[in-house]
Amino acid sequence: MEIKILATIFIICVIIFFVINKLCKVKSAFSRALISAISGPLVMFILNFSSQFTGVGLPTSFFSVAVSIIMGIPGVITMLILNLFF
């Protein structure tokens, strides 16, 4: 794979991380829940998009999308770990 593609993916992931980190400093419970509900599916989308390069991805189903919305990034990480072991 070309180094330009990897560098672009890395830069996009770093920018998304800083944006999510900045938004998570919000004090309101509703705002934090909304950010978590958006960041989970976003991470799942990025993971599935990069799966053609890495070979690591999650199947998209109602259950996986619901878990990513309700639990956010920790839910996506948990599904990824369970997918790798089972």
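This is a predicted model: local features need pLDDT of at least 70, side-chain atom pairs count only at pLDDT 80 or more; totals for chains, interfaces and linings use all residues.
Trainee: What makes the pattern of the protein chain α-α-α-α?

Mentor: The protein chain contains 4 helices and 0 strands. A helix here is a DSSP run of at least four residues, and reading along the sequence therefore gives α-α-α-α.

Trainee: Which residues line the largest pocket?

Mentor: The lining consists of Cys 13, Ile 16, Phe 17, Ile 20, Val 43, Ile 46, Leu 47, Ile 73, Val 76, Ile 77 and Leu 80. Helix H1 (3-23), helix H2 (29-54) and helix H4 (73-85) are the elements that give two or more residues to this lining. The volume of the largest pocket is about 220 Å³.

Trainee: Why are the lining residues of the largest pocket divided into 11 nonpolar, no polar and no charged?

Mentor: Cys, Ile, Phe, Val and Leu count as nonpolar. The lining is made up of residues of these types, among them Cys 13, Phe 17 and Val 43, and the division is therefore 11 nonpolar, no polar and no charged.

Trainee: What share of the residues of the protein chain counts as buried?

Mentor: Buried means under 20% relative accessible area. Of the 86 residues, 19% count as buried.

Trainee: What percentage of the contacts with a separation of 6 or more comes from residues 24 or more positions apart?

Mentor: Such residues account for 54% of those contacts, where a contact means heavy atoms within 4.5 Å.

Methods: Residues are numbered from 1 along each chain as its sequence is written. Side-chain values use heavy atoms; hydrogens and water are left out. On a 1 Å grid over the protein atoms alone, a cavity is a set of points where a 1.4 Å probe fits but cannot get out, and a pocket is an open set with protein on both sides within 12 Å along at least five of seven lines; lining residues have an atom within 4 Å of a point. Grid points are joined across faces, edges and corners, and a volume is the space filled by probe spheres set on the points. Buried means under 20% relative accessible area, exposed over 50%, partly exposed in between (1.4 Å probe, protein chains only).
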